[in-house]
Amino acid sequence: MPEDKKIICCGCDMELKPEKTYFSYLGHSYYADILKCPGCGEVYIPEELAKGRMSEVETMLEDK
């Protein structure tokens, strides 16, 4: 995603800001800096993160 492109929360009409966000999967926790609405807290997970790093971590944990 281009750096100059802004993503706006459709519920709050506020610009999403990068924030450290924790995830939990199969009893393990990890974090990623992702875009989050400062109003409602809704997060935006880009496709490349979901299909890339998050998928790798899920596969690794499932194989244990």
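Student: What makes the three strands an open sheet, and in what order do they lie?

Tutor: In this predicted model, the strands follow the order β1-β2-β3 with antiparallel pairing, and β1 (17-25) and β3 (43-44) stand at the edges with a single partner strand each, so one side of each has no neighbour in the sheet.

Student: Why is the aromatic pair of Tyr22 and Tyr31 called tilted?

Tutor: The count comes to one aromatic pair, and in this pair, Tyr22 with Tyr31, the centres are 5.7 Å apart with 50 degrees between the planes.

Student: Why is Tyr22 called exposed, and what is Tyr31 called?

Tutor: Tyr22 has 57% relative accessibility and the cut-off for exposed is over 50%, so the term applies; Tyr31, at 46%, is partly exposed.

Student: What makes Lys20 count as lying over the face of Tyr31?

Tutor: Lys20 is at 4.4 Å from the ring centre of Tyr31, and the distance limit is within 6 Å.

Student: Where in the protein chain is confidence lowest, and where is it highest?

Tutor: Helix α2 (residues 53-63) has the lowest confidence, at a mean of 72, and β3 the highest, at 92, while the mean pLDDT of the protein chain is 83.

Notes
Residues numbered from 1 in each chain as written. Predicted model: local features only at pLDDT ≥ 70, side-chain atom pairs only at ≥ 80, totals over all residues. Heavy atoms only, no water. Phe/Tyr/Trp six-rings, centres within 6.5 Å; stacked < 30°, edge-to-face > 60°. Buried < 20%, exposed > 50% of the residue type's maximum accessible area, 1.4 Å probe, protein only. Lys NZ or Arg CZ within 6 Å of the ring centre and 35° of its normal. Pairing = 2+ DSSP bridges. Helix = DSSP H or I, 4+ residues; strand = E, 2+ residues; numbered from the N terminus. pLDDT = per-residue confidence, 0-100.
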